[in-house]
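Dear colleague,

Please find below the structure that I am handing over to you, together with its sequence. My notes on what was found in it follow.

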Amino acid sequence: MSIHHDHDHPHAPPPDADADLSYYQVLELAVTSLLTQKQVFSADEMRRQIEAMDARHPGLGGKLVARAWVDPAYKARALQDGSAAAREIGLEVGPLKLIVVENTPDVHNLVVCTLCSCYPRMLLGLPPDWYKSRAYRSRAVREPRAVLREFGTEIPEEIEVRVHDSTADMRYLVLPRRPAGTDGWSEDRLAALATRDSMVGVAVAGAGQS
Amino acid sequence: MTDAVPARFAPGDRVTVRQAHPPGHLRTPFYARGASGVIERLCGAFANPEELAFNRPGLPAQPLYRVRFRQADLWDDYAGPARDTIEIEIYQHWLEAAP
């Protein structure tokens, strides 16, 4: 079949992916236009904020994880005060109150926000769609091991699964276990193993690497 | 924050979440109400979100704790091993000392 769309039978154009606006989308547009008309902020200021937030990515959290893997004293500080540890290595986290939770041979941590979609955006960027879904939010607290299995992550029964429901002011970052066979690796190379999913806890670091 | 309620609980204390259903904007999940757990840490004091939601100052600030529950204490039919836990952030005014 040709990549050009030049066949001879007529058909309707494919539908747009846009659905009708929901009540809350209309409300958001109305509030946004009021705020810009009243010059509380400009459209350009809002655009720049969105652009800055969209530019954040899991590589930032990965830097913190890699430093914690190579520097035990840093890891201890990160477990004590996650926000201060992020700032210490030059990560701008704003007002974020970060708690770093460590996976160990005895505990596997999993993060969820059942009430909305709280997520350490300053260090991981925007959350994936599944993180915001009602299915993940309700099931991660009730049957975490079944949810983990669907992500391809089997946690043995002798390891405690500890779920963190970010219901209020704190945000959570999982410090995954350092993969075996990575002795002597540079921090940059290690950081690439700390994937988004491993820092949410639905996967282990380096999963899928050979 | 200077205008804060003093913290009543310390790590290791056993607490019960109030079984209450007031209207409004609440950050205490339904599934934890009435359940007992153990204080894992004090996170600090924060303006009460139930007041902030209505554009009120939310002061004095409420101590916020992370409370660790056994999954088996939250769900009668929890399928995983007894060692599995969940930690939830809960404000002090939702907590009572457990026997």
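**Where the two chains pair**

In strand S4 of chain B, the bridge partner of Val163(A) is Ile86(B). Please keep in mind from the outset that this is a predicted model. The pair belongs to a parallel pairing, in which S3(A) and S4(B), the latter covering residues 85-91, are held over 4 bridges.

The contact between the chains extends beyond that pair: 18 residues of chain A are in contact with 18 residues of chain B. Which elements of chain A give two or more residues to this side? They are helix H8 (134-142) and strand S3 (160-165). The largest share comes from S3(A), with 6 residues. By type, the residues on the chain A side divide into 8 charged, 6 nonpolar and 4 polar.

**The strands of chain B**

S4(B), which pairs with S3(A) in the parallel sense, also pairs within its own chain. It is joined to S3(B) by 7 bridges, and these two strands run antiparallel. In this pairing, Arg68(B) stands opposite Glu87(B) of S4(B).

Strand S3 of chain B (residues 62-70) and S2(B) pair in the antiparallel sense, over 7 bridges.

S2(B), residues 36-46, is in turn joined to strand S1 (residues 14-17) of chain B by 3 bridges, and the two run antiparallel. Here Arg14(B) has Val38(B) as its bridge partner in S2(B).

**The nonpolar core**

The largest nonpolar core holds 64 residues, and those that touch the most other members are Val65(A), Leu110(A), Val112(A), Leu123(A) and Ile90(B). This list names residues of chain A and of chain B. Helix H3 of chain A (residues 58-70) gives the most to this core, with 6 residues.

Leaving aside residues up to four places away in sequence, it touches Ala140(A), Pro144(A), Leu148(A), Val161(A), Val163(A), Gly201(A) and Val202(A). One of these, Val163(A), is the bridge partner of Ile86(B) with which these notes began.

**Domains and helices of chain A**

Chain A is divided into domain 1 (10-55) and domain 2 (58-200). How many Å apart do the C-alpha centres of the two domains lie? They lie 31 Å apart.

Helix H2 of chain A (residues 43-54) has 12 residues and reaches 16 Å from its first C-alpha to its last, close to the 16 Å expected at 1.5 Å a residue. H2(A) is hardly covered, as the count of buried residues among its 12 residues is 0.

Ala73(A) has its place in helix H4 (residues 72-80) of chain A. Why does Ala73(A) count as exposed? It has 8 other C-beta atoms within 10 Å, and a residue is exposed if that count is 12 or fewer.

**Backbone details in the loops**

Most residues other than glycine have a negative phi, and most peptide bonds are trans.

- Gln39(A) is found in the loop between helix H1 (23-37) and H2 of chain A. Its phi is near 60°, a positive value in a residue other than glycine. Gln39(A) is exposed because 7 other C-beta atoms lie within 10 Å.
- Asn55(B) has its place in the loop between H1 and S3 of chain B. Its phi is also positive, about 65°, although it is not a glycine. With 7 C-beta neighbours inside 10 Å, Asn55(B) therefore counts as exposed.
- Pro60(B) is in the loop between helix H1 (49-52) and S3 of chain B. A cis peptide bond joins Leu59(B) and Pro60(B), with omega about 0°.

With kind regards

Note on methods. Residues numbered from 1 in each chain as written. Chains lettered and ligands numbered in written order. Predicted model: local features only at pLDDT ≥ 70, side-chain atom pairs only at ≥ 80, totals over all residues. Domains from an automatic or database assignment. Contact = placed C-beta atoms within 7 Å. Nonpolar A, V, L, I, M, F, W, Y, C, P; charged D, E, K, R; others polar. Pairing = 2+ DSSP bridges. Expected span 1.5 Å × (residues − 1). Buried ≥ 20, exposed ≤ 12 C-beta atoms within 10 Å, placed from the backbone. Core = buried A, V, L, I, M, F, W, Y, C linked by C-beta atoms within 7 Å.
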